[in-house]
Amino acid sequence: MAKLTTDELIEAFKELTLIELSEFVKQFEETFEVTAAAPVAVAAAGAPAGGGAAEEVEEKSEFDVVLESVGDKKIQVIKEVRALTSLGLKEAKDLVDGAPKAVLEGVSQEAADKAKEQLESAGATVTLK
C-alpha cells in the first residue's frame, strides 16, 4: 500500500460526512488504543486565586449533558445522539424515549457546549450539570 501524504489524507477526510468521520475516529481510537479528545489544559490555573467564584470554576471541570425533552423532531434528535455517542439506533432511540437522561457524562466544558448546541439545533431541550 502506498503511503499517503498529509495533504492527501486531508483531502480524503474532506469528502467524508461528519458521521463517517466520527465513525473513523472511533475505529482509529479502538485500533490504536488512543483517544482523539484534546487534553484538557488547566485553564483555571491562570485565574486569580482570591475569588470564591474562581474556585468554583476550578472545581467543575467535567460536565454531564442531559437530554430533558425531545421536542417535535424526534428523528433528528436520535441522529444527533448517535453522532455524539457510539450508540446504535435502538440504544439511541431508547435513550431519547427515556428522557430526561444523560447523553454524555464527564466531558469537558467545550465538548458539553458543542453537544448541547447540536442537540438544541435538532429541537431538543438540554441542560448541563
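This is a conversation about how some terms apply to a predicted model.

Biologist: What should I know about the model and its numbering?
Modeller: The model is predicted, so local features need pLDDT of at least 70 and side-chain atom pairs count only at pLDDT 80 or more, while totals for chains, interfaces and linings use all residues. Residues are numbered from 1 along each chain as its sequence is written, and side-chain values use heavy atoms, with hydrogens and water left out.

Biologist: How many helices and strands does the protein have?
Modeller: There are six helices and three strands, in the order α-α-α-β-α-α-β-α-β from the N terminus. Helices (H or I, at least four residues) and strands (E, at least two) are DSSP runs, numbered from the N terminus.

Biologist: Why is Thr85 called buried?
Modeller: Buried means under 20% relative accessible area, exposed over 50%, and partly exposed in between (1.4 Å probe, protein chains only). Thr85 has 10% relative accessibility, so Thr85 counts as buried. Thr85 lies in the loop between α4 (74–84) and α5 (89–97).

Biologist: Why is Glu68 called partly exposed?
Modeller: Glu68 has 27% relative accessibility, and therefore counts as partly exposed. Glu68 belongs to strand β1 (residues 63–69).

Biologist: What makes the pairing of Glu68 and Thr127 a polar contact?
Modeller: A polar contact is a pair of N or O atoms within 3.5 Å; within protein, one must be able to donate a hydrogen and the other to accept it, and residues adjacent in sequence count only if both atoms are side-chain atoms. The side chains of Glu68 and Thr127 are joined at 2.8 Å, as a polar contact. The side chain of Thr85 reaches the backbone nitrogen of Leu87 at 3.3 Å.

Biologist: With which residues is Thr85 in contact, leaving aside its neighbours within four places in sequence?
Modeller: They are Lys26, Val103 and Leu104; contact means heavy atoms within 4.5 Å.

Biologist: Why is α4 called roughly antiparallel to α6?
Modeller: α4 and helix α6 (residues 109–121) pack at an angle of about 160°, with axes 8 Å apart. That angle makes α4 roughly antiparallel to α6. Angles under 35 degrees count as roughly parallel, over 145 as roughly antiparallel, 65 to 115 as roughly perpendicular and the rest as oblique. Axes are lines fitted to C-alpha atoms, for helices over the stretch in contact, and angles run from 0 to 180 degrees between N-to-C directions.

Biologist: Which residues meet there?
Modeller: Val77, Glu80, Val81 and Leu84 in α4 meet Ala115, Gln118 and Leu119 in α6.
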